[in-house]
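Please look over the chain shown here before reading the briefing that follows, which goes from the whole fold to a single residue.

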Amino acid sequence: GRRAEMSNPEYMPNLNRRVADGAYMEMLSNPITMTAVCVKEMATGVPSRPNEGLNNFHPVHPGTPDGWNLVSTHDGDGDGEYDHTFGILGDYVWKDLYPDREIIPFAKHRYGHADYYQGDEEGFEELKRWARGAPPEGHSIPRNLIVAHLSGLDSVGHRYGALDSPEYEEKLRWIDTNLEEVFQELPDDWTVVVTSDHGLTDSGQHGSDLDILRDVAAFMWGPNVKEGVVVEDVQQRDLATLPSVLFSLPLPHAVHGRIPLDAFDISEEKRQQLDQRN
């Protein structure tokens, strides 16, 4: 999703109306604008190497602790039960980074580059179920941490282009409508982050370090998130700090990202504490 189009209320009115209650972050993706490289960086906070572009669709986890695997295995009270429940749905790239299906269930909703709508339709239905508190198939406990990776916009952009493309604009509006239906299902005390892995050229390509490919946005709102702020100079790997911050857990040393402090409404004492980590 391109920053300019996702930030345009003409195409995504609900999302842009929601972010008035939260923070809008102008973000720069990894210079290798391939899906797996960008997803790995926002997930693990570990910068990707140039040769990792060869592993697109099959990212390799660096093997170090990160916020997502820390949250999913945290037992703060020592009762033998994990405190949080993490689930992934949609495209399989996130799933490959966190392969333990017993702890982190995955619901696949993606059928290749010609899948402009089917996978997203199924993905949104599953996401709405999880948002209502239904557990994933094969599990008995609802999720309180969800990653939904919906790839139809990328497919439409590849096929029809992104500039002056009725198909691309229609897909943005369709996603916006379905996202709003998800948001209405979520409890008020949830934190929501909406972003994209990379942008697209006018003709619908990506992979190089062009600004139009690296310039993406992140929309975030929820408890202790500032309202109506624009946070500049955010790196994609900074998103890897959010699980630790939101769930009050340690920030793993391997995470290269910086906590986007300007997005949070927190005490000066807390800000100084987090800034010490940065």
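A residue is called buried when its relative accessible area is under 20%, exposed when over 50%, and partly exposed in between, with a 1.4 Å probe and protein chains only. By that rule, buried residues make up 50% of the 278 residues in the chain. This is a predicted model, in which local features need pLDDT of at least 70 and side-chain atom pairs count only at pLDDT 80 or more, while totals for chains, interfaces and linings use all residues. Residues are numbered from 1 along each chain as its sequence is written, and side-chain values use heavy atoms, with hydrogens and water left out.

**Overall fold**
- The chain holds 11 helices and 7 strands, taken as DSSP runs (helices H or I, at least four residues; strands E, at least two) and numbered from the N terminus.
- Along its principal axes, the C-alpha trace spans about 55 × 40 × 40 Å.
- Of the contacts (heavy atoms within 4.5 Å) between residues at least 6 apart in sequence, 66% join residues at least 24 apart.

**Surface**

**Asn-14**
- Asn-14 lies in helix α2, which covers residues 13-18, and is buried, because its relative accessible area is 15%.
- Leaving aside neighbours within four places in sequence, Asn-14 is in contact with Asp-176, Thr-177 and Glu-180.
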